[in-house]
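Dear colleague,

I am passing a structure on to you, and I would be glad if you opened it beside this message while you read. My notes come after it.

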Amino acid sequence: MSQKDKNKTLSFEDFKKEVIEDYKIAKISRECSLLGRREVLTGKAKFGIFGDGKEVPQLAMAKAFQNGDFRSGYYRDQTFMMAIGQLNIEQFFAGLFGHADIENDPMSGGRQMGGHFATHSLDEKGNWKKLSEQKNSSSDISPTAGQMPRLLGLAQASKYYREFPEADKEQIFSVSGNEIAWGTIGNASTSEGLFFETINAAGVLQVPMVMSVWDDQYGISVHAKHQTTKENISEILKGFQRDENGNGYEILRVKGWDYPSLIETYTKAAEIARTEHVPVLIHVQELTQPQGHSTSGSHERYKSSERLQWEADNDCLLKMRNWILDSNLATEEELNELDKALKKQVLDGKKAAWKAYQDPIKEEQAELIALLKSIAQSSLNKVSIEQYADDLAQIKEVIRKEVITTARKALRLVINESDNKQILVRFIESYFKKIQPKYSSNLMSESDQKVVNIEEILPEYTENAEDVDARVIIRDNFDAILSRYKNVMIFGEDSGNIGDVNQGLEGLQEKHGINRVSDTGIREATILGQGIGMAMRGLRPIAEIQYLDYLLYAIQIMSDDLATLQYRTVGRQKAPLIVRTRGHRLEGIWHSGSPMGMIINAIRGMHVLVPRNMTKAAGFYNTLLESDEPALLIECLNGYRLKEKMPNNLGEFKTPIGVIETIKEGSDITIVSYGSTIRIVEQAAEELAEIGINVEVIDVQSLLPFDLNNDCVKSLQKTNRLLVVDEDVPGGASAYILQKILEEQGGYRYLDSAPQTLTAKAHRPAYGTDGDYFCKPSVEDVFEKVYEIIRESDPVKFSSLY
C-alpha cells in the first residue's frame, strides 16, 4: 500500500496521531541538536555537526523507506535515523561523547564523530543478518560526496538480485530486487566530481536510487552562487530528465518545510524507483541551518540579517508546527506542553548517556587512585605518588587518557622499587590490553571467514600439462569462479565485450551474461563504488581498474570508505570487494608506475596482493572468494603472454595470503621483491651464481599483510645480508618492507652488512624499453648492487667493478 493509499484509509484520529508522532520525532531531533551544541561548547564533546533545519523532509523520506532499503547519506540525517527507529536520544549523545562501546554507540563505538550513522549488517561474530527484513544504513564517512560511489552499488545490487534471484535464494539480502538505495547530500557538495560521476552512472545503469539534495543555499560559509551554476542543481540537471526519447531520471522539486507535499513527493519517488528501477532526484529547497554549519563557528559571521530573519521565519519545524495548528490537529497549549515534555526527555537522555559514558571510566579512575595510594605507603616517592592520586581524584569529568597518563608517569617514580614497579606495570599492561581494542579492533575481519583461516591448496598438474599463455589461466579460472558462485560479477573498463584489454575475460560475457561480466564507463571512483555497495549487500563483485596508475582516481574511495568500513563499524558492516588491476609495463609515466608505498599506506584495512604470475593471481582470487575481506590484486601486465603450465584444478587451488615464497635457496644474501621485478631478480641471481655468489630469492606475494610467519628473518639468520628490490620510488614500499623485516621481525640482529634497497628513480618511468631500463631496477643494477655488498666482506676475491 502506498503512503497516499494509507492516508486515505486513516481515520482522522489515526491521521492526527501519526502527524503528532512525526512532530515529536522532529522536535526531539531539534532539541538534540541544540543541546548537542551546548555540550561541545562546554567541553564535554569535541565537535558537533547536526541535522537541525532538515528534520521535516527526513520524516517524509523515512515514511517511504522500507525493510531491505539502504541509506547512503551524510552527517545531517539524524532525524531520519530516529524516524526509522535506528537512533535514540541516548545513542545520539553517546556518539557525541565518543563512547567507545558498540552497545552504547551502535553507529561506530565512539570511533567516528557524532552524525555518522550506520546500522548493523553483521552479528557479533561477523555473520550476515537478514538485511531484507531490517532497515539499513551504510556507514557514513566525512569526506564530501564520498557517500555517492557506494550509493550506486547499493542500488545496483537490487538490479542484480532482480535478474539473478538464485544469487540469494534465502532472500537474506533482497526480495525480488525491490529495495531502494536512498542517497542524501547537501546542496554545496553536489559540486564534487563524485556527485556528477555517480549521477551519470546511475542514469546509464537505470538503478533504483532516490537521491535527496538538502538545499539550504550554503556550503559551510559559501553561498550557492559560488557553488552551483544557476544556483540550482535540479535546474542544471534537467538534461537527465527521462522522456520519450530515452532513459534518465525522474527529477522532483519540493519545499523542505511543506510536510504534506514532502510526503506526497517521497511516496511518488519511491513508487517509481521501487517498481520501475528508475533513479529519482529530489531537490529539497528552502531549507535552513539554524545553528550554522557546525560547532566550529557561527553563521552570523557570513549570513546577512535579512537571511537570518528569513531562516527564522521559514524554519521547517516552525512551519510544520503552524500547519498542525492551522489543520486543527492540536492546540497551541497542547504543543507547548508537548514541547516542554520533549525538551526534558532530551535532557534526561543526555544525562543518562553521559553517566553511561563516565561510569566505567570513573571505576578505572578509582581503581588507579586506590592502587597509587597503596604503593605510596612503601615508596621513597610517597609524597609525589600521593599527589598524582589526588590530582587524578580532582578530575570530575575524567577521560581515559588522564587515567593511563597518571599511571605511566607514576611508574617513573618507582622504577627502582621492584614490588611497586611490578604492581604498576601489571596495571598499565592490563589497562592497555582491555582498553586498546576499543579503539583499534576490527581493522580486518575477525570472523571465521578471515583470510588467515583459508588453507592453501596447491595447483595440480597432469603429467603432460600444457604450456599456455598465462592469460588463459586467469581467464579459465574466472570462468570456473563465475560458474561456481552465482553472486560473483566482474565489471570495469573493457571488461565485458572484448574480455578486458589483455583477454583475461575473453568470451566470458557471452557465456555468463552481460550483467555478470560487464563494461563500465571511464569512471574509476564509481567502479569502486559499485563494488563497495554490492559487496555490502551480500554480492561478491570483482571491480576492475584497467591500469594500476589509474587507481589514483579511486584511491580516496578505497582509503576513506572501503578500507575503513570494518574498523569504523567495529565489525558490524563489511564489503568483501576484490579490486582487480594490472601494472608494470613499458609505456611511460602513466602505464608503468608502481606507486605501492602510497597505496599500502592509504588503504590499511585491505589486503594488497602482488603475485608474480597468473597462476599465483588465480589462486589469490580463489582464496579471497572464500573469505570476507576486501583486497587489491595487482596482476603483472607484462606476464599475460608468458607461458605457464595449465593447472587441472582451476577455481579450487588457493594461494595463501600473508605468506612469502622462497623461490630460490641461497646462502650469501637474501633478496626480497615482488611482482614483475621477481623475474629480474631471478635472472640476476643466475648470473651471480656464475661468479660464486649464492642468492636467496624471496617473493613477498602480499604486501598487506606481510610475511605473517616471519620467514624473511629466518632467511637472514642464514645469509646475514638483505637487499630489497622494488619498482616503487625510493622510500616507497621498500621502506615499508625494511621496517617489517628489520624492526618488527628483529632482522637487524642477524646482519653482517647494512641492509640496502634498490628502487626505481624518484620520478615516474619514461617511455619505452630504454625508458624502463634507465628508470627502474635492471638485471645489471641488481647484479652490481649485490656484487658490491658481497665485495665488502671479501674485497680480495671480488675486485671493484668500477
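Predicted model: local features only at pLDDT ≥ 70, side-chain atom pairs only at ≥ 80, totals over all residues.

Residues are numbered from 1 along each chain as its sequence is written, and side-chain values use heavy atoms, with hydrogens and water left out.

I begin with the nonpolar cores, meaning sets of buried Ala, Val, Leu, Ile, Met, Phe, Trp, Tyr and Cys residues joined through side-chain atoms within 4.5 Å, where buried stands for under 20% relative accessible area, exposed for over 50% and partly exposed for what is in between, with a 1.4 Å probe and protein chains only. The largest one has 86 residues, and those touching the most other members are F93, W182, Y266, I282, I324, L368 and L424. Helix α12 (residues 332-376) gives the largest share, 14 residues; helices (H or I, at least four residues) and strands (E, at least two) are DSSP runs, numbered from the N terminus. Because domain 1 (12-330) and domain 2 (359-440) both contribute residues, this core lies between them; the domain bounds come from an automatic or database domain assignment. Apart from this core lies another, of 83 residues, among them M536, L562, L565 and Y736.

Next comes the sheet, which is open and made of 7 strands in the order β11-β10-β12-β13-β15-β14-β20, with mixed pairing; two strands pair if DSSP finds at least two bridges between them. At its edges are β11 (517-519) and β20 (702-704), each pairing on one side only. Within the sheet, β13 (residues 578-583) and β15 (residues 631-636) run in the parallel sense over 6 bridges, and R582 has E635 in β15 as its bridge partner. Helix α18 (residues 524-536) packs on the sheet, touching β10 (488-492), β12 (540-544) and β13; contact here means heavy atoms within 4.5 Å.

Finally, where does A760 sit? A760 is in the loop between β22 (756-758) and α26 (768-775), and with a relative accessible area of 7% it is buried. Not counting residues up to four places away in sequence, A760 touches D726, E727, D728, V729, P730, C775, K776 and P777. The C-alpha atoms of A760 and L380, which are 380 residues apart along the chain, are separated by 58 Å.

With best wishes

Conventions: Axes fitted to C-alpha atoms, helices over the stretch in contact; angles between N-to-C directions.
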